[in-house]
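Reader: Hi! Could you walk me through this protein in plain words?
Author: Happy to, here it is.

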Amino acid sequence: MIHPAELSVHAFLRSAINGKASMSEEVIQQVATDVAAALNKQFNGGPREEFRLRMSNIGRPRCQLWFDKNYPETDVQKPTSFMLNMLMGDWTEAIFKGILRAAGVSFEDNNKVELKVGADTIKGEYDMVLNGKVDDVKSTTPYGYDNKFSSYDSLAYSDDFGYVSQLVGYAKAADKEVGGWWVINKVNGQFKYVTAETANVEEVMETIEGTVNYINNDEPFERCFKAEPETFRKKASGNMKLCKTCSWCSHKKKCWPELQELPSKVYTGTKAPPLIEYVYVEG
């Protein structure tokens with residue numbers, strides 16, 4: 001079901017393309033202010049403070065959070081493109097909010113909130129509240145747009161970055177309903193609304209509480225994921241490789257000391273074989 005605000009944005013953009021709609025100076029200045037704030041945050045915010053649980057990380061794998069707290073020195077250096085990628089997310093949010101405003105969609109702008117979980121306080125800042133529901137704005141790749149964000153269920157099934165827990169945490173802290181995600185394809189500009197109305201809030205909160213207890217009680221390390229068998233033409237090669245979630249982790253070399261990034265052992269094409277993160281190579 002298409003969100004009413006989604007229809008409003010499409011109508012506004014169609015009118016703008018046809019030269020029949022414009023964006024007010026007030027809205028343009030707000031977008032400019034938000035973009036400037038993003039640049040200041042990314043370039044002048046200084047180093048991140050010591051580890052703490054935040055809304056932005058509370059849904060991430062517990063094994064990753066365990067390393068973030070106990071051995072924060074990452075063994076995988078972020079590429080220089082990381083900064084630009086973060087900025088593109090900030091800029092996309094600022095511009096999309098500007099378009100919402102220009103389309104006549106009313107919403108409450110971002111606000112800082114605190115969620116009490118036992119004796120701990122999880123802090124964060126949600127993106128917006130629309131029709132009494134907390135929404136988040138996400139920019140993504142074409143693959144993420146078509147697959148990960150194809151529905152709530154597909155996102156929840158492979159939620160590597162903890163977006164579901166983040167959104168539910170914001171909503172609980174703000175004492176609002178859970179909304180969903182405004183998703184923008186950062187390559188071609190497609191956008192859509194993915195509702196989280198089927199999220200089991202109590203179940204997600206139980207998961208959040210479990211994560212808080214695991215980290216704050218200094219529980220022993222426990223890896224959350226297993227290696228995957230490498231296959232060739234649907235048959236196992238005997239080799240084992242990292243799962244997709246582990247491949248994103250900046251602590252993967254500490255967690256998997258036997259990790260080797262090698263040319264594919266099963267590739268038979270004419271081009272250079274892709275690099276595979278193996279944790280076991282047969283023979």
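Author: One term to begin with: a contact means heavy atoms within 4.5 Å. Residues 24 or more positions apart account for 63% of the chain's contacts with a separation of 6 or more. This is a predicted model, in which local features need pLDDT of at least 70 and side-chain atom pairs count only at pLDDT 80 or more, while totals for chains, interfaces and linings use all residues. Residues are numbered from 1 along each chain as its sequence is written, and side-chain values use heavy atoms, leaving out hydrogens and water.

Reader: Thanks! How many helices and strands does the chain have?
Author: There are 10 helices and 9 strands. Both are DSSP runs numbered from the N terminus: helices are H or I with at least four residues, strands are E with at least two.

Reader: And what share of the residues is buried?
Author: Buried residues make up 39% of the 283 in the chain. Buried means under 20% relative accessible area, exposed means over 50%, and partly exposed is in between, using a 1.4 Å probe and protein chains only.

Reader: Why does the pair of Trp182 and Tyr193 count as tilted?
Author: Their planes are at 55°, so the pair is tilted, and the ring centres are 4.7 Å apart. Trp182 belongs to strand S4 (residues 177-185) and Tyr193 to strand S5 (residues 191-195), so to speak two partners 11 residues apart.

Reader: Is Trp182 buried or exposed?
Author: Trp182 is buried, at 0% relative accessible area. Tyr193 counts as buried too, at 13%.

Reader: Which residues do ring pairs link into a cluster?
Author: Trp66, Phe67, Tyr71 and Phe221.

Reader: What sits over the ring of Tyr145?
Author: The charged end of Lys192, 4.2 Å from the ring centre. For Phe82, the charged end of Lys78 sits over the ring, 5.2 Å from its centre. The rule is that NZ of Lys or CZ of Arg is within 6 Å of the ring centre and within 35 degrees of the ring normal.

Reader: Last one: where does Arg233 lie?
Author: Arg233 is in the loop between S6 and strand S7 (235-241). Its phi is positive, about 55°, although Arg233 is not a glycine. Arg233 is also exposed, with 68% relative accessible area.

Conventions
Rings of Phe, Tyr and Trp (its six-membered ring) pair if their centres lie within 6.5 Å; planes under 30 degrees apart count as stacked, over 60 as edge-to-face and the rest as tilted.
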